[in-house]
Amino acid sequence: MIRLPKPDELERVVEEHYREWGIGECIYDKCVEKLGKIELDRLTEEDVKCVVRVFLVVWGQMARVLGRKDRRGWETRLADAIRSHADILERFRRMDLARISDKEFNKLDTDIRSCYTAVRKVVGPTAASKTLHIIAPKFFPMWDAKIRKLYGVSDGEGGYVNFMHMIRELWLKNSLLAGPLEKLEEKLGKSKLRIIDMYNWLKSKTL
């Protein structure tokens, strides 16, 4: 199970990570910015190749996973999956996981599952979370196999919703961490979910 940091530890760990991986953060920022300017109902295969693929392969280091034979043509299928869920995803783009109520979150369960499942079928569970994150960086958290192990969740749609719930309860609603997360979000220009992901990634490396 994840061990939550003390506020000063969170700030230290995240800022050290940011200094060490500055080039990677530039790639992250540019991909989020570029995708944010594209209307999802008009997303093309070329957009996926130029933005999402760069994010997943260069930043996310997922070339091996996406290069498998059964993934051939994934850019076309991913563009189709995103366009088919464009209305829902555009709504999620405007949401902040830290600022919606429990009632609102629970009402979104079916839509979250639908989007995650559609993308997961094309690129797998880890790339699905990363793809959804750059579409809605304040709403969808990222994970990988080690982070799933750290939180004790499965890679299916139920596991992802559970992961989002845990991020809300353990981090975003934590009175000790809410302030430091706000401070880091403003200082680094990153969403709280990206900041949490930095910490999760570093801690999961020890597994």
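This is a guided tour of one protein model, stop by stop.

**Before you start**

The model is predicted, and local features need pLDDT of at least 70, side-chain atom pairs count only at pLDDT 80 or more, and totals for chains, interfaces and linings use all residues. Residues are numbered from 1 along each chain as its sequence is written, and side-chain values use heavy atoms, with hydrogens and water left out.

**Stop 1: the whole chain**

Show the protein as a cartoon. It has 13 helices and zero strands. Helices here are DSSP runs of H or I with at least four residues, strands are runs of E with at least two, and both are numbered from the N terminus.

Now turn the model around. The C-alpha trace spans about 45 × 40 × 30 Å along its principal axes.

The accessible surface comes to about 10100 Å², and 51% of it belongs to carbon and sulfur atoms. Such areas come from the Shrake-Rupley method with a 1.4 Å probe; for residues, only the protein chains shown count as cover.

How much of the protein is buried? Buried residues make up 51% of the 207 residues. Buried means under 20% relative accessible area, exposed means over 50%, and partly exposed lies in between (1.4 Å probe, protein chains only).

Next, think about contacts, meaning heavy atoms within 4.5 Å. Take the contacts between residues at least 6 apart in sequence: 70% of them join residues at least 24 apart.

**Stop 2: the largest pocket**

Select W59, G60, Q61, K130 and W201. Of the 23 residues that line the largest pocket, these are the closest to its centre. About 590 Å³ of space lies in this pocket.

What counts as a pocket or a cavity? On a 1 Å grid over the protein atoms alone, a cavity is a set of points where a 1.4 Å probe fits but cannot get out; a pocket is an open set with protein on both sides within 12 Å along at least five of seven lines; lining residues have an atom within 4 Å of a point. Grid points are joined across faces, edges and corners, and a volume is the space filled by probe spheres set on the points.

Colour the helices α2 (22–36), α3 (45–59), α4 (63–66), α9 (125–135), α10 (145–151) and α13 (192–204). Each supplies at least two residues of the pocket lining. By class, the lining has 11 nonpolar, five polar and seven charged residues. Nonpolar covers Ala, Val, Leu, Ile, Met, Phe, Trp, Tyr, Cys and Pro; charged covers Asp, Glu, Lys and Arg; the others, Gly among them, are polar.

Stay with Q61. This residue sits in the loop between α3 and α4. Q61 counts as exposed, at 65% relative accessibility. Check its backbone too: Q61 has a positive phi of about 55° although it is not a glycine. Most residues other than glycine have a negative phi.

**Stop 3**

Select residues 125–135, the range of α9. Why is α9 described as largely enclosed by the rest of the structure? Because 11 of its 11 residues are buried. Among them are P125, K130 and H133.

Move on to W143, in the loop between α9 and α10. W143 is buried, with a relative accessible area of 1%. Draw a line from W143 to P125: the two are 18 residues apart in sequence and 8.4 Å apart in space, C-alpha to C-alpha.

**Stop 4**

Select L97, in the loop between α6 (86–93) and α7 (102–107). Is L97 buried or exposed? L97 is buried, with a relative accessible area of 0%. Leaving aside neighbours within four places in sequence, L97 has contacts that include F105, K138, M164 and L193.

**Stop 5**

Select R72, in the loop between α4 and α5 (74–84). R72 counts as exposed, at 61% relative accessibility.

Finish at A118 in helix α8 (residues 109–123). A118 is buried, with a relative accessible area of 17%. Not counting residues up to four places away in sequence, A118 touches A81 and H85.
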